[in-house]
Amino acid sequence: MSLPNDDHYLKLKGACIVGTEAFEETQDTLADVLEVQAMMCVFGDAGLGKTLSVVSSLRNLAPENSFRVQYRSRPTTLDIRNELHALLGIGAPPPRHPIHFDALLKRALSETFRVFVCDEAQWLTREAFEYWRFLWDDVRTEMAVVFVGGGNCYDVLNNEPMLSSRVYAWQEYRMLTSSQVLKAIPDFHPVWKEADKDDIHWVDDNAAHGNFRRWAKITRHVCQGLERNGETEVTRKLLQWVFSRIAGRAK
Amino acid sequence: MRPPRVIVVLDRHDDTAFTQCALAAHRIGAGIMTIHPSPGRLGTAHLARDLLVALGKDAEQVTDASGIKAEEPAWRAGAAWTIAYRIRTVAVLRAHLLRQEHWERLLAFQYTAGVHLLLFCHSQDVPLEVNRTLAGAPHTITDDLAHVIELLRPAPSEPGPDEDEPAPPAVPASFPIVPRTAVTRFRADAWRRLSTGEYEAVDVQYRYGLQAGCAWLARHPEYQDATPDEPVLAPELLPRYLSPRESAQAHAYASDTYGITPSRSVITALLCVGRERPARGRYPRYPYAWRDEAGLQVFLSALVADCPSPEASCARVRGAQAGLLLHGMLLAVPRDLRTAKGPGLTGAALTEPVCSRIGEHLPNPVTAAALAITLAAGVPLADLGVLRIASVGAHAEAVRANGAFAIPPAARPLLIAARTFRRLNGAREEGRLLVGPRGAEGLVPATLEEDARACGLSVPEQTPYSENPFPPPLAAWHLKARCWFVADPLHGPRQPDPDLGRVA
């Protein structure tokens, strides 16, 4: 499999992928995007489960042909070339000349259909977008590209006219509402399965704020606390201890 | 034909439809090419390489091939190939990201290659930087996709110099070994010795050679000048001293044996009468020699140029001998043709795939032409430097130096590109056609062998020049061929019968 199986933040043991509305929408839209070999943009604040949703959806839809591309900030064209060269497992050493390099990548990309997940897309430069467009536009290449980004990702991508006519679908991720939290969190991790709904609501209201990444962090501390104290139930006292560790403050 | 134009295409919203339309139109064979420049802030030399890649050249070779590594030769090679492939329209994508010097280069290329140039700007306006460059060049601007699609429509292709000729028959991969006998017994021996299937495979090639021989001779001015318009019929030309019964027997014998109305010369030959041909123009009597030796060499080498099997080449040559004999022409070729060297026997058949491979892997037009000429000649051409630009025919249909040989249609663009490349380098018509990276000495056999290997081919065995007692081209079989008028034609010289030679 081309996608690493460590989706959850902090590699949280026992965590499950929760079928939220956003997750299901991602799965459906990705199926369409793959069918037409298009581009897609998934954006929203950090920690809302964008990358996790995309990656786990692709694990079902195109397990052998999906690749996650991660860059350092402001990647150059050469960075992308080298990253793709490594991801595609091209045996030959990277060519020195850009034209030869591009021809090699295009040839590899025309062999079979592939999906690329470009994480942290808000850091991509115009040059980087140009490069993705250069590869995707080619009539021989068979590829879909999913841009995933937080913060100002939408503005960055929307400011690129080349993408507005090429992106097949946009999807925004928002923080979970209280009712969504109460529905999703018990399924997220076994420690919350039997937890009091008031406690879940209390944690979300004071520390997690509908953000899956914060929930993952809190859950890991809860698990450690339970293990340390030899307990099995989440109590308000334990949660207060967790809050003290993550610098949250109980009301 | 419209004069070459420069058209700036404004794709104001960077709509993928414009890009897809240009990329979909890219078809070298249809005369339309789309350049998709590599992203990044690259120099004009890289754009020249993008041009070569768009022309179908191997990207690795484009950056490494000797002779075109520098920027100027790379642009000239690009223009030469563009002209050789008869490309009429060139589209350049993402031109708004190119700098002024790139635009200047593209406009110079457009002028040299004589193409319509479509510069795609995926932006609201033409970049300010290139406005000054464009001001000096007549151009139009369009943002209408329908108009762009129209501009990228392939023009009707112009027929080549010999496109009206019938295509040679395909040669099966396992072609039988043909009899080693002369033309007079060849077909009969093939019938006796080969299985039905094998005989049919051989006979297809034999009949093609026969037809080609008739067609070539029928339209040759020397032949038309030397022969009467209609075959001379036998009855009134039979020797007068024959009795009516003997005349009838002679006529029946010729008809039954050859299936044709016999001419006077055949009748006299069959009856051993041995009459002299009446004086006609400058050719008083048989036999007399065919004068256009170069034309004969081109015909013979063209006949077998696409033959991947030497056995099939032999069958075609025997067929051509038979075809010429029907016209009263005796064609003599080396006795053991199969072990001879030259076109169709040694070297490689210059078919479309082979020439595509040469063009792809050898982006330097001179190198590609040197290999193509060596393979077409089928003999070592250690002295490739002797070839002049003027040695190549107008449409590159033949090369004439120390002997002539045909260039198959698929290989002609390779020679046209080399000639254009040399002209763009400032060479004159009497200048050398093939000058290697280090001058003429750059085209040594070792280099050719390496080039051939890069294309998955092999060149004919090379003989060191100093050890070769004869000028190399004389080794080829078709240069030893000779032809004589020996008799009146057995059938009309103007139009060959399409069913001629077919066994009922």
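## Domain contact, chain contact and sheet

In chain B, 19 residues of domain 1 are in contact with 17 residues of domain 2, two residues being in contact if their C-beta atoms, placed from the backbone, lie within 7 Å. On the side of domain 1 of chain B that touches domain 2 of chain B, α3 and α4 (71-84) of chain B each supply at least two residues; helices (H or I, at least four residues) and strands (E, at least two) are DSSP runs, numbered from the N terminus. The largest share of that side, 7 residues, is provided by α4(B). Domain 1 of chain B covers 6-151 and domain 2 of chain B covers 352-475, with bounds from an automatic or database domain assignment.

The model is predicted: local features need pLDDT of at least 70, side-chain atom pairs count only at pLDDT 80 or more, and totals for chains, interfaces and linings use all residues. Residues are numbered from 1 along each chain as its sequence is written, while chains are lettered from A and ligands numbered from 1 in the order in which they are written.

The contact between the chains takes 18 residues from chain A and 21 residues from chain B. Helices α1 (16-25), α2 (44-54) and α3 (59-64) of chain B each give at least two residues to the side of chain B that touches chain A. The table gives the composition of two contact sides; Ala, Val, Leu, Ile, Met, Phe, Trp, Tyr, Cys and Pro count as nonpolar, Asp, Glu, Lys and Arg as charged, and the others, Gly among them, as polar.

| Side | Composition |
|---|---|
| Chain B, touching chain A | 7 nonpolar, 9 polar and 5 charged residues |
| Domain 1 of chain B, touching domain 2 of chain B | 11 nonpolar, 5 polar and 3 charged residues |

The model has ipTM 0.79 and pTM 0.79. For chain B the mean pLDDT (the predictor's confidence in each residue, from 0 to 100) is 82, and 79% of its residues reach 70 or more. Residues 229-235 of chain B stay under 50 in pLDDT, and the model has 20 contacts for them beyond four places in sequence. Residues 464-471 of chain B also have pLDDT below 50, with 6 contacts beyond near neighbours in sequence.

In chain A, 5 strands form an open parallel sheet in the order β2-β3-β4-β1-β5; strands pair if DSSP finds at least two bridges between them. Strands β2 (66-69) and β5 (167-173) of chain A are the edges, each pairing on one side only. Strands β3 (residues 114-118) and β4 (residues 143-149) of chain A pair in the parallel sense over 5 bridges, and R114(A) has M143(A) as its bridge partner in β4(A).
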